[in-house]
Amino acid sequence: MRANQAYITGIGQSQIGMRLTRHPLLLTLDAVREALYEAGLTIGQIDGVSTYPGKAHAYLGFSPIGADELIDALGIHATWHAGGGEITSQLGAVVAAATAVHAGLTRHVICFRTVYEAAALARPKEYPPPQRDVVEGFSQWFAPFGALSAANWTAQYAMRHVKRYGLTREQLAQIALTGRNNAMLNPRALVREPLTMDQYMSARMISTPLCLFDCDRYTDASTVLIVSAGNALDEVSCKPIRIAAMAGAVERHSWDQAEWMACYATGADLWKHTDYKPSDVDTAQLYDGFSFQAITWLEALQFCEVGEGGRFIEGGKRIALNGELPINTFGGQLGGGRLHGFGFAHEAVVQLRGNGGERQIAGDPQVAVCTSGGGPLATALLLARD
Amino acid sequence: MPAGEMAATRPKPRLDAENSAFWTGGAHGRLQIMRCGDCSSYIHPPRAVCRTCLSDNVKPEAVPGTGVIDTFTINYQKWHPAMKVPFVIARVALDGAPGVYLTTNIIGCSVEAVDIGDRVRVTFESQGAIHFPLFEKIV
């Protein structure tokens with residue numbers, strides 16, 4: 001083991017559902033317990049907590065639990081903690097934890113992301129939706145024009161790919177169909193019914209070229225990843241997975257001022273931090289809050305040329321579970337649920353440990369890449385089983 | 001989407017020292033973008049500092065009000081019940097202000113008639129003190 005490196009040790013996940021009634025703190029507890037159990041750690045050995053985006057007081061459904069609250073609720077004695085949205089997207093919380101581990105500030109960090117948007121929508125009295133009649137800051141440049149969702153902002157980048165590079169709906173569909181095929185093999189996945197190309201092609205449009213099946217849906221769940229220091233691995237009973245490289249980027253905060261999505265700078269930077277190459281990657285877990293983002297990540301991580309992402313996944317065989325580059329083997333966010341970034345790192349660890357069950361990829365995978373975000377903010381992690 | 005249909009549902013920006021010129025300039029038919037008095041760069045979203053040279057000698061300046069559709073999407077989703085769909089959301093590259101894009105709506109034509117590269121001109125939709133800059137195709 002490499003003493004100065006950071007590893008992902010325990011991983012955990014709550015039930016994944018819609019309109020769950022279990023309190024979000026308890027969903028988080030479920031995921032923490034599973035991660036501790038897997039790592040063979042006790043809560044007393046945890047001395048760090050990291051989360052994204054912290055407690056979202058303006059709209060609790062988006063992020064109902066913060067790091068401060070979890071530390072207090074579980075009686076954690078933390079020597080380091082962080083929680084905020086002003087980082088390079090969701091998995092930036094893992095980058096922060098790994099950085100703190102490198103610096104020797106903490107030994108075992110609970111990194112978590114809890115989402116409660118479906119429950120919040122169903123219980124507006126408990127979880128009032130954000131007010132939109134008066135807008136300021138970031139929202140003022142989008143909301144007055146009906147561009148209320150990241151679907152609209154992402155769709156405009158997708159439309160450029162359609163017009164410049166000939167991206168087709170049939171190509172976009174491969175992300176949704178692949179995710180759904182894999183979700184059907186994942187007992188915890190949110191959506192486990194089959195999806196056909198005909199269903200996809202006849203789905204209603206959300207924001208061209210994105211249809212209903214190109215967009216993830218509100219989910220209630222919690223995901224936990226424990227980041228541990230290389231010199232603390234003797235305390236851990238599971239197979240540690242090394243964080244071999246990390247990269248993140250921020251583009252213009254106002255999406256409409258950015259010429260390129262931040263995934264491109266992130267992907268290029270990732271390979272500067274490692275001797276591994278794209279051809280070494282056994283599986284890619286690529287953020288697909290919208291299908292198009294997974295295509296841009298394939299390009300950004302240099303699995304194919306910029307503009308070639310659509311043709312790279314044509315027909316879907318290459319990215320299928322038994323293909324040369326299996327992606328989103330838990331279903332992605334489109335099939336597995338909107339775990340908001342953390343699901344991709346969770347699944348990379350599952351696959352590298354050979355714990356995928358029916359969805360386990362063949363060939364004893366050793367290297368996986370996982371990503372979050374992609375628009376103005378993006379993070380990529382390269383994970384390796386030594 | 002004909003002009004005005006979404007008017008009742010447009011959220012209003014909260015005016016402050018930095019954004020007022022942008023949101024109120026339409027009262028005089030002017031599209032105003034913050035500009036640096038030292039290096040002449042445009043700054044959008046408007047702020048009290050130039051992001052190119054860090055000067056604080058910045059002030060709003062009228063631009064021609066024409067531009068090119070950089071990209072767009074046709075929105076079909078009713079994000080709230082009162083929303084009238086479909087309508088076009090576009091990102092317009094402004095003439096005379098290199099690097100500045102506006103998210104806006106393209107009005108006055110069918111949604112199918114909009115494409116990347118189309119030339120457009122600003123038109124303002126007013127709600128009290130706020131004048132939303134929308135764009136129409138230049139035929």
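Q: Which residues of helix 6 of chain A are buried?
A: The buried residues of helix 6 of chain A are Q171(A), L172(A), A173(A), Q174(A), I175(A), A176(A), L177(A), T178(A), G179(A), R180(A), N182(A) and A183(A). A residue is buried if 20 or more other C-beta atoms lie within 10 Å of its own, exposed if 12 or fewer, and partly exposed in between, with C-beta atoms placed from the backbone. Helices (H or I, at least four residues) and strands (E, at least two) are DSSP runs, numbered from the N terminus.

Q: What kind of model is this, and how are residues and chains labelled?
A: This is a predicted model, in which local features need pLDDT of at least 70 and side-chain atom pairs count only at pLDDT 80 or more, while totals for chains, interfaces and linings use all residues. Residues are numbered from 1 along each chain as its sequence is written, and chains are lettered from A and ligands numbered from 1 in the order in which they are written.

Q: Back to helix 6 of chain A: why is it called largely enclosed?
A: Helix 6 of chain A is largely enclosed by the rest of the structure because 12 of its 15 residues are buried.

Q: What do those buried residues pack against?
A: They pack against helix 7 (197-201), helix 9 (291-300), helix 10 (309-312) and helix 11 (332-336) of chain A. Contact here requires that the C-beta atoms of two residues, placed from the backbone, lie within 7 Å.

Q: How is chain A divided into domains?
A: Chain A has domain 1 (6-126 + 218-240) and domain 2 (149-211 + 242-384). Such bounds come from an automatic or database domain assignment. The centres of the two domains, taken over C-alpha atoms, are separated by 23 Å. Their contact takes 23 residues from domain 1 of chain A and 27 residues from domain 2 of chain A.

Q: Which element gives the largest share on the domain 1 side?
A: Strand 1 of chain A does, with 5 residues.

Q: And strand 4 of chain A, how many of its residues are buried?
A: In strand 4 of chain A, 9 of its 9 residues are buried. On one side these are H108(A), I110(A), F112(A), T114(A) and Y116(A), and on the other V109(A), C111(A), R113(A) and V115(A).

Q: Which strands does strand 4 of chain A pair with?
A: Strand 2 (residues 48-51) of chain A runs parallel to strand 4 of chain A and is joined to it by 4 bridges. Strand 8 of chain A runs antiparallel to strand 4 of chain A, with 9 bridges. Two strands pair if DSSP finds at least two bridges between them. As examples, V49(A) stands opposite I110(A), and the bridge partner of Y116(A) in strand 8 of chain A is D220(A).

Q: New topic: what is the secondary structure of chain B?
A: Chain B has 1 helix and 9 strands. Buried residues make up 40% of its 139 residues.

Q: How many residues of chain B are in contact with chain A?
A: There are 27 residues of chain B in contact with 30 residues of chain A. Strand 5 of chain B gives the most to that side of chain B, with 5 residues.

Q: Where do strands of the two chains pair?
A: Strand 5 (residues 134-135) of chain A and strand 1 of chain B run parallel, joined by 2 bridges. There, P13(B) is the bridge partner of V135(A).
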